[in-house]
Amino acid sequence: MTADVWLPIPPDDIEGLPEGPAYRHWVGEETFPADPADCAFYVVPYMKPSMVGVRPLPQMRSVQVVQTLSAGIDHVEPGLKHLPAGVRLCNARGVHEASTAELTLALILASLRGIPDFVRAQDRGEWLGGFRPALADRTVLIVGYGAIGAAIEDRLVPFEVAPVVRVARSARTTERGPVHPLTELPALLPRADVVILSTPLTEATRGLADAEFLARMKDGALLVNVARGPVVDTKALLAELESGRLTAALDVTDPEPLPPGHPLWHAPGIVVSPHAGGPTSAFLPRAKRLLVDQLNRFVNQEPLRNVILTTGA
């Protein structure tokens, strides 16, 4: 096999890559590392704007696999129309669950326990006492119960939360209990003290947390978004925050990056982190393991993992 494989990680830094392909290192520079028409397996550069990752796709006439290093694929979808039929699009399931779930718990605890207020008070040399909400005994609703949603629940359990309510695109049963379909979400929202969004961004979830969704949340509830910014209607959320009825902890925003002066920065009751769920010390070793496994499967013509869709199917 002599086809090219484009990698955003230097191939010499990845132990266990199969022999055969010609490995090309590309992290989104203006100049391509080789002719895109010769690329058979394309690993999309991580944490780059969508326009960067999709730029070579129109010229990748021989590509067979497009592999993201993110859980979401929305940043690649605009370029899929340029690909020939039969190209498999794979995501990075197994890479980000632990880190994203960790940050989700950190955001919940920081918001409920008032950690940002404590840090600001420390800067002022002020002892800021008083009662704060606990996570214990709270009802938590997870909207988007895939691998990341399940990992979040794994970490919620030791905190003695009240029943975790799970919602996904369609109903099913897990070892921990039922997963409700999205159609039941309006009836479930008023029960939750904490609502976690961990859905992929699709046409069905774009603007999911709109004014009606937020209005159904109980007074004093916390909205946590570790999905994608456009899952939440920013204008509707700002109205709820400014009224003081809801609080929010956002790892993703719309727009993103959040520009200086945007009202979300200074809205009451909000914690904002800069899309930090995935890029941690856990990323690189897990990404390398995924790529080694996928490329060995590809070279040996074995079924790939994490196939989200096949073009033209």
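Begin by selecting arginine 297, which counts as partly exposed at 23% relative accessibility; in this tour, buried means under 20% relative accessible area, exposed over 50%, and partly exposed in between (1.4 Å probe, protein chains only). Numbering runs from 1 along each chain as its sequence is written. The model is predicted, with local features requiring pLDDT of at least 70 and side-chain atom pairs pLDDT 80 or more, while totals for chains, interfaces and linings use all residues, and side-chain values use heavy atoms, leaving out hydrogens and water.

**Salt bridges**

The term denotes a side-chain nitrogen of Lys or Arg within 4 Å of a carboxyl oxygen of Asp or Glu. Aspartate 293 is partly exposed, with a relative accessible area of 24%. Both residues belong to helix H8 (residues 283-299), four residues apart, which is about one turn of the helix. Helices (H or I, at least four residues) and strands (E, at least two) are DSSP runs, numbered from the N terminus. An α-helix has 3.6 residues a turn, so residues three or four places apart point the same way.

Next, select aspartate 74 and arginine 228, a salt bridge whose closest N and O atoms are 3.2 Å apart. This pair links distant parts of the chain, 154 residues apart: aspartate 74 sits in the loop between strand S4 (65-67) and strand S5 (88-90), and arginine 228 in the loop between strand S11 (222-225) and helix H7 (234-243). Arginine 228 counts as buried, at 19% relative accessibility.

Move to arginine 206 and glutamate 203, where the closest N and O atoms of the salt bridge are 3.8 Å apart. Glutamate 203 is exposed, with a relative accessible area of 68%, whereas arginine 206 is partly exposed at 46%. Then display Asp117, Arg120 and Arg132, which a network of salt bridges links. The structure holds 15 salt bridges.

Select residues 97-113, helix H2: its 17 residues reach 24 Å from first C-alpha to last, close to the 24 Å expected at 1.5 Å a residue (the expected span being 1.5 Å times one less than the number of residues). Of these 17 residues, 13 are buried. Glycine 114 follows H2 and has a positive phi, near 75°.

Now show the second largest pocket, which holds about 460 Å³ of space. Its 25 lining residues include Ser111, Thr247, Gly269, Ile270 and Val271, the closest to its centre. H2, helix H3 (115-124) and strand S13 (270-272) are the elements that give two or more residues to this lining. On a 1 Å grid over the protein atoms alone, a pocket is an open set of points where a 1.4 Å probe fits, with protein on both sides within 12 Å along at least five of seven lines; lining residues have an atom within 4 Å of a point. The volume is the space filled by probe spheres set on the points, which are joined across faces, edges and corners.

**Aromatic pairs**

Finally, select tyrosine 46 and phenylalanine 283: their ring centres are 4.2 Å apart and their planes at 15°, so the pair is stacked. Rings of Phe, Tyr and Trp (its six-membered ring) pair if their centres lie within 6.5 Å, and planes under 30 degrees apart count as stacked. Both tyrosine 46 and phenylalanine 283 are buried. End at Trp6, Trp26, Phe32 and Tyr42, which form one aromatic cluster.

Definitions and conventions
Rings of Phe, Tyr and Trp (its six-membered ring) pair if their centres lie within 6.5 Å; planes under 30 degrees apart count as stacked, over 60 as edge-to-face and the rest as tilted.
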